[in-house]
Structure formats: C-alpha cells, structure tokens
Amino acid sequence: MQNNCLMGMSRTGVAACMAAAIAALPLGALAADLDMLGTLTKGVWNLRIRDDGSEQRVCVRTGREFIQLRHRQPGCSQVVVRDNPNEVVIQYTCRGNGYGRTSIRREGNGLVQIESQGIADGTPFSISGEARHSGKC
C-alpha cells in the first residue's frame with residue numbers, strides 16, 4: 001500500500017507529514033539501547049562466512065563491533081530497525097563509503113548469526129555468517 005501523505009503538499013505540509021511519521025515510529029527505532037548486544041560474552045569471536053568458508057577474528061567489547069563488518073570507520077549514521085531480546089537489525093550509512101543493513105540474531109551469549117549486505121567502496125557485499133566466542137582479546 002502506497003503512502004500518499006507527500007503527494008501534492010507544500011514544503012510545510014511535507015515537513016508536518018514527516019514529523020508525524022517520525023512520531024509514529026516506536027521509541028526504540030529512534031534511540032535504542034541494543035541491550036541484546038551488551039549480553040554477548042566479551043572477547044575474541046571467530047566469524048565464519050558461509051559463502052566461502054573464510055574466517056575473521058573480531059574483538060568484541062560492546063557487541064556493536066558486529067554491526068559494520070565491511071565499514072570499520074567511525075562516524076557512520078545508524079538507524080535501528082528492530083531491537084528485540086534475541087535479534088537486532090540496524091541500517092547504517094557511511095558518508096562517501098556506502099551503506100549496509102545488518103541483522104544479528106543471538107542463539108546464546110557466545111553464539112550469533114549475522115546477515116549483512118550493502119555497498120562498500122562502490123561494490124556490493126553480502127555476508128552470511130556465524131560468530132562464536134573463542135577467548136580473550
């Protein structure tokens with residue numbers, strides 16, 4: 001179903017419509033704590049990528065390290081799409097370097113499933129993997 005809120009409106013009307021749309025968002029979408037990520041065991045995690053079997057090590061201090069696997073630079077804007085006790089979904093944009101959407105599903109404090117896709121350095125990427133806690137950083 002298409003939203004006709006913006007059709008045929010003045011700039012003031014469009015601004016009012018957008019403000020109403022933002023107000024209708026769940027509070028968590030605007031300022032989520034992403035509590036689930038904080039429950040993950042701190043330390044080194046081994047991320048195994050399903051497509052090619054490659055592995056990478058991630059030092060987890062907050063759990064947020066899993067959000068931007070292909071965009072390591074700071075300062076990217078993030079929007080929380082879903083913040084549940086066992087899953088978070090975040091969309092992010094890194095000005096001048098692309099964007100992504102990451103889903104992290106917790107199976108336990110030491111095991112997560114990660115799906116991420118987007119554009120990095122002008123090239124599409126898609127990651128499907130499993131990360132397991134393996135020790136200290």
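1. The hairpin of β5 and β6. Strands β5 and β6 form a hairpin with 2 residues between them, and they pair in the antiparallel sense over 10 bridges, β6 covering residues 111-120. Within this pairing, Ser103 has Glu115 in β6 as its bridge partner. Two strands are said to pair here if DSSP finds at least two bridges between them, and the elements themselves are DSSP runs numbered from the N terminus, with helices (H or I) of at least four residues and strands (E) of at least two.

2. Basis of the note. The model is a predicted one, in which local features need pLDDT of at least 70 and side-chain atom pairs count only at pLDDT 80 or more, while totals for chains, interfaces and linings use all residues. Residues are numbered from 1 along each chain as its sequence is written, and side-chain values use heavy atoms, with hydrogens and water left out.

3. The hairpin of β4 and β5. Strand β4 (residues 87-94) is joined by 8 bridges to β5 (residues 98-108), and the two run antiparallel. Cys94 stands opposite Gly98 in β5, and among the 3 residues between the strands of this hairpin, Gly96 takes a positive phi near 80°.

4. The neighbouring pairings. Strands β3 and β4 also pair in the antiparallel sense, over 6 bridges, with Ile90 in β4 as the bridge partner of Val80. Strands β1 and β2 run antiparallel as well and are joined by 6 bridges, and there the partner of Trp45 is Val58 in β2. The hairpin of β1 and β2 has 5 residues between the strands, and Gly53 in this hairpin takes a positive phi near 75°.

5. The sheet as a whole. These pairings belong to an open sheet of 7 strands, which has the order β2-β1-β7-β6-β5-β4-β3 and antiparallel pairing. Strands β2 (55-60) and β3 (77-83) stand at the edges with a single partner strand each, so one side of each is left without a neighbour in the sheet. Neighbouring strands of this sheet are turned by 25° against each other on average, direction ignored, where the axes are lines fitted to C-alpha atoms (for helices over the stretch in contact) and angles run from 0 to 180 degrees between N-to-C directions.

6. Gln113 in strand β6. Gln113 lies in β6 and is buried, with a relative accessible area of 6%; buried means under 20% relative accessible area, exposed over 50%, and partly exposed in between, with a 1.4 Å probe and protein chains only. The side chains of Gln113 and Glu130 are joined by a polar contact of 2.8 Å. Such a contact is a pair of N or O atoms within 3.5 Å, of which, within protein, one must be able to donate a hydrogen and the other to accept it, and residues adjacent in sequence count only if both atoms are side-chain atoms. Leaving aside residues up to four places away in sequence, Gln113 touches Arg50, Ser103, Ile104, Arg105, Glu107, Gly129 and Glu130, contact meaning heavy atoms within 4.5 Å.

7. The aromatic pair. The structure holds 1 aromatic pair. The rings of Trp45 and Phe66 have their centres 5.4 Å apart and their planes at 80°, so the pair is edge-to-face. This pair links distant parts of the chain, with Trp45 in β1 (residues 43-49) and Phe66 in the loop between β2 and β3, 21 residues apart. By the criterion used, rings of Phe, Tyr and Trp (its six-membered ring) pair if their centres lie within 6.5 Å, and planes under 30 degrees apart count as stacked, over 60 as edge-to-face and the rest as tilted. Trp45 counts as buried at 0% relative accessibility, and Phe66 counts as buried at 0% as well.

8. Most residues other than glycine have a negative phi. Leu34, however, has a phi near 55°, a positive value; Leu34 is placed in the loop between α2 (27-30) and α3 (35-38) and is buried, at a relative accessible area of 3%. Asp121 also has a positive phi, of about 55°, although it is not a glycine; Asp121 is placed in the loop between β6 and β7 (123-135) and counts as exposed, at 65% relative accessibility.

9. Overall composition. The protein has 3 helices and 7 strands, in the pattern α-α-α-β-β-β-β-β-β-β when read along the sequence. Buried residues make up 36% of its 137 residues.
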